[in-house]
Structure formats: C-alpha cells, structure tokens
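Please look over the sequence and the structure below.

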Amino acid sequence: MGHRSLHPQGNRTSRLSDSRPNDEAHANATRLVEAGRRKQWCSVPGQPGSVVNPPIWRASTHLYETADDLAKGRPNANGHFYYGRRGGPTQWALADALTELEQDAEGTELFPSGVAAIAATLLALLKPGDELLVCDNAYEPTRNIANGLLAGYGITHRAFDPLDVDGFAAMIGPNTKVVMLESPGSLTMEISDIPALAAIAREKGVISVIDNTWAGPLGFPALVHGCDVTLMSLTKHVGGHSDLMMGAVSARAPQLAQIRRHAQMLGQVVSPDDAALALRGLRTLELRLKRTSATALEVARWLSTRPEISAVLCPQLEGTPGHDLWRRDFSGGCGLFSFVLAGGADKKARARLLDALDLFGIGFSWGGYESLALPIDPASLHTLRPWPPGIDEGSGLGLRLAIGLEDADDLIRDLDRGLAAMRES
Ligand SMILES: *Cc1c(COP(=O)(O)O)cnc(C)c1O
C-alpha cells in the first residue's frame with residue numbers, strides 16, 4: 001500500500017518529499033492528516049508551506065501578465081489557474097487529498113452534490129445506443145437518472161441482481177458499456193461480491209462504476225478491488241457535519257479524462273468555502289468512522305435481541321447475510337444500517353416510534369455527527385429479489401438509522417423509548 005500523491009503537473013511528489021521518502025507507506029490516520037497539504041497551496045504569498053490549511057481562495061478570474069502568458073494559460077490540470085470554473089488551490093487541495101486516499105486513482109473531480117457526480121459520470125461514459133446495467137439495490141436517484149435523464153438521450157438500462165454473479169455475466173450484451181455498482185445496497189444494506197462483478201465487467205470490456213459512499217476509500221479501496229471509477233457523496237462522511245453538499249469521482253486515467261471533460265462542459269464547480277469545509281471534515285474522518293461504526297454495531301446487536309424487530313440489516317453484524325463478504329473485502333464500516341419491524345407493526349406504530357425518539361432526528365442524509373432515523377419500506381424497493389429474504393409486500397416496514405457521535409447507551413435508551421411507544425396503541 002504505497003502512499004502516493006499526484007503533483008499538479010503529474011509528477012508524483014508529496015508535500016514532505018524533501019524530508020521523507022516518496023513512497024513511504026502511511027496508515028490511514030496519517031494519510032488523512034497529510035493529504036492535499038502541498039506547500040504551494042498552504043501558503044501566504046511568497047512563503048510556501050507557511051500555513052497548515054490551504055487558504056480559501058475566492059477567485060473567478062486569473063489575470064495574465066501578457067498576451068503571451070494568456071496563450072500559454074490553457075493546460076487542463078489541477079494546479080494551473082486558468083479560470084474559476086476549473087477551481088483554484090482550495091478545491092485542488094481537496095481533490096488531491098481524495099486522490100491520495102484513493103489507491104490507483106489518477107485523479108479526482110469534484111461536483112456540487114453526490115447526485116451531480118453520478119449524473120455527470122454516467123453522461124460522460126455513455127452515448128446513445130449504449131446500455132447501462134444498474135444494480136437492483138442502487139440509490140434511488142441513480143435509478144431516476146437512468147429512467148429520467150439517460151433514457152432521454154437514447155441510453156437504455158436494465159437492473160441486475162447484485163447477488164447473482166453468474167446472472168450478471170449472462171446479462172452483458174454487445175451494447176452494455178457501463179455497470180453501476182453499490183455495496184452495501186442503499187437502504188437494504190446487502191453486500192455484493194464487488195471483486196467478482198468488477199472482474200467480469202473488465203473481462204467483457206464494460207466500465208464498472210461504484211457508488212462507494214458507505215465505506216469510502218478507507219473502508220473499501222474500490223479501484224484496488226477492480227472497479228474503474230469510484231464516486232461518493234462528500235455530503236455524508238467527508239463533510240461529516242451536516243453543513244455542506246458535495247460529491248467526488250475518482251478514476252483511472254482514461255475514464256478520468258472523459259469525466260473531467262464532461263464536468264467542464266456541464267460547468268460543474270464547487271465553491272472554495274465548501275471545499276475548505278470538506279477538507280476540515282476529512283482530517284477527522286477515520287476517527288469519526290471508527291466511533292460511529294463501533295456504536296452502530298452496539299446498537300445493531302441490541303436491536304437484534306428485540307422481539308419487535310425481525311431483521312437487522314447491518315453488514316458489520318455477525319450473522320447478517322453478507323457479513324462474510326464484508327469481512328473479506330472491507331476494512332471498515334460506518335454508522336449507517338437498517339432494520340425491519342416484526343409483522344403486525346403498521347405505519348402508525350412506526351410513526352409512534354419515530355415521534356418518541358429524542359436523540360435521533362427524522363431526516364434524510366447521514367454521515368453527520370448527529371444521529372438520524374428514516375422510515376423505509378424494504379419490501380417495495382427491489383424489482384428482482386425481495387430483501388431481506390422472506391420479506392413480503394405489505395409487511396416488513398423498516399427504519400434506517402444513521403448513527404452519530406452520541407453515546408451508545410443513550411442511543412439505545414432512546415430506541416427503547418421508541419419501541420415502547422410503538423407497542424402502545
Ligand atoms: C446521499 C447519497 C448520494 C447522493 O449524495 P448527495 O450529496 O446527497 O447528492 C449518493 N449515493 C448514496 C449511496 C447516498 O447515500
């Protein structure tokens with residue numbers, strides 16, 4: 001696991017390359033501290049490396065010294081200030097930090113949201129007549145992009161069962177160009193064999209894209225596992241404080257160039273203020289993930305002992321389907337998981353549970369410092385395979401929990417109160 005960083009012009013040197021060997025392997029915690037902090041960006045004018053963080057450079061316009069200078073001003077790489085739409089040092093520092101964390105990535109493009117990252121990636125990699133295969137447990141807006149946006153450009157798609165590796169191989173046809181993967185699945189949390197799916201895709205010349213928001217590069221180095229493109233919503237763990245929206249795509253060289261070109265044609269840019277917030281979040285990412293995944297496991301274990309609950313969908317929990325694959329392929333998790341209420345609980349009962357919660361906010365998103373709960377209906381989510389096994393349409397209402405940084409016992413007491421409220425009719 002070599003630590004590497006991408007120099008603006010493509011030479012690989014790290015911020016500390018003067019004082020340390022270039023390829024020294026560092027643990028994640030250290031990489032998170034060092035990532036993206038190049039001397040030339042962490043500077044006040046004339047004093048490279050004189051501040052810890054890259055300043056917030058607000059700039060639309062580059063002033064060129066001469067007409068000749070302007071003519072030379074076109075190189076399309078991070079580190080070359082050309083015009084604000086291609087970002088400046090604050091955004092480059094974030095993009096570079098993410099590239100350093102994403103083993104095997106050539107570079108990273110930033111987008112104003114995770115959904116913008118997914119849409120731009122698929123538009124970049126597909127053209128009219130092409131087919132996209134989408135895992136049946138994909139994030140709902142991803143399916144909407146396939147149905148609503150790509151269909152209008154003559155790009156077709158089909159859903160595949162992400163737990164059926166042979167079935168996936170058999171579905172790939174002459175027009176299949178891209179496969180969209182996600183593991184664990186959104187809301188239902190089943191783990192699929194990404195290395196096997198990505199290997200089949202590569203063998204058949206299909207580009208594999210993974211929405212890796214759940215584990216991120218620390219928990220699942222997606223390119224090392226065979227994917228070509230990995231993306232995530234930085235709104236979640238990297239931001240970490242529920243105060244920004246952003247997305248990122250990291251990719252191998254050929255796909256990166258394609259995605260960068262499309263991002264620029266689509267006019268995608270993030271603000272330097274948001275980039276600085278995301279960089280701040282990044283520094284504590286490992287600490288927060290360790291804490292929230294440990295708390296989530298404690299809460300999941302407690303929930304699995306409760307008679308009101310028929311299934312806990314948490315890849316980190318021993319005995320859950322997919323746990324063995326999670327152990328094989330992932331080096332970490334996070335605080336996000338779901339559970340299914342035992343038969344008999346109706347929507348009113350679930351609403352009583354939600355309304356009785358004090359520490360869990362009711363809302364979308366996750367990866368913040370605060371815990372959230374969201375009602376989900378797992379029985380109606382999949383088109384190919386009911387999940388969890390045995391779930392029927394019309395029963396099996398569920399909840400998704402995003403565990404934050406609160407104390408585990410306090411959260412468990414809160415849920416206990418919620419379950420008590422649910423039992424009252
Ligand atoms: C939230 C989320 C996204 C979208 O991210 P935004 O920043 O909210 O647009 C994409 N994928 C997954 C798995 C998510 O949970």
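A polar side-chain atom of Lys-236 lies 2.8 Å from an oxygen atom of the ligand, which makes a polar contact (a pair of N or O atoms within 3.5 Å; within protein, one must be able to donate a hydrogen and the other to accept it, and residues adjacent in sequence count only if both atoms are side-chain atoms). Trp-366 also has a polar side-chain atom at 3.0 Å from a ligand oxygen, while Val-115 comes to 2.9 Å from a ligand oxygen with a backbone N or O atom. On its own the ligand exposes 380 Å², and the protein buries 91% of that; these accessible areas come from the Shrake-Rupley method with a 1.4 Å probe.

The model is predicted: local features need pLDDT of at least 70 and side-chain atom pairs pLDDT 80 or more, whereas totals for chains, interfaces and linings use all residues. Residues are numbered from 1 along each chain as its sequence is written, and side-chain values use heavy atoms, with hydrogens and water left out.

Around the ligand there are 15 residues, of which Gly-114, Asp-211, Ser-233, Thr-235 and Lys-236 come nearest; a residue is counted here if one of its heavy atoms lies within 4 Å of the ligand. This shell divides into six nonpolar, six polar and three charged residues, where Asp, Glu, Lys and Arg count as charged, Ala, Val, Leu, Ile, Met, Phe, Trp, Tyr, Cys and Pro as nonpolar, and the others, Gly among them, as polar. Helix H4 (residues 114-125) gives the most to the shell, with three residues. Helices (H or I, at least four residues) and strands (E, at least two) are DSSP runs, numbered from the N terminus.

Side chains of opposite charge can pair when their charged atoms come close. A salt bridge is a side-chain nitrogen of Lys or Arg within 4 Å of a carboxyl oxygen of Asp or Glu, and the count comes to 20. One of them joins Asp-96 and Arg-38, whose closest N and O atoms are 2.2 Å apart. Asp-96 lies in helix H3 (residues 89-101) and Arg-38 in the loop between helix H1 (28-34) and helix H2 (67-71), so the pair ties together parts 58 residues apart in sequence.

Most residues other than glycine have a negative phi, and most peptide bonds are trans. The bond from Ser-183 to Pro-184 is cis, with omega near 0 degrees; Pro-184 lies in the loop between strand E4 (176-182) and helix H7 (194-203). Asp-104 has a positive phi, near 80 degrees, and lies in the loop between H3 and strand E1 (107-111).
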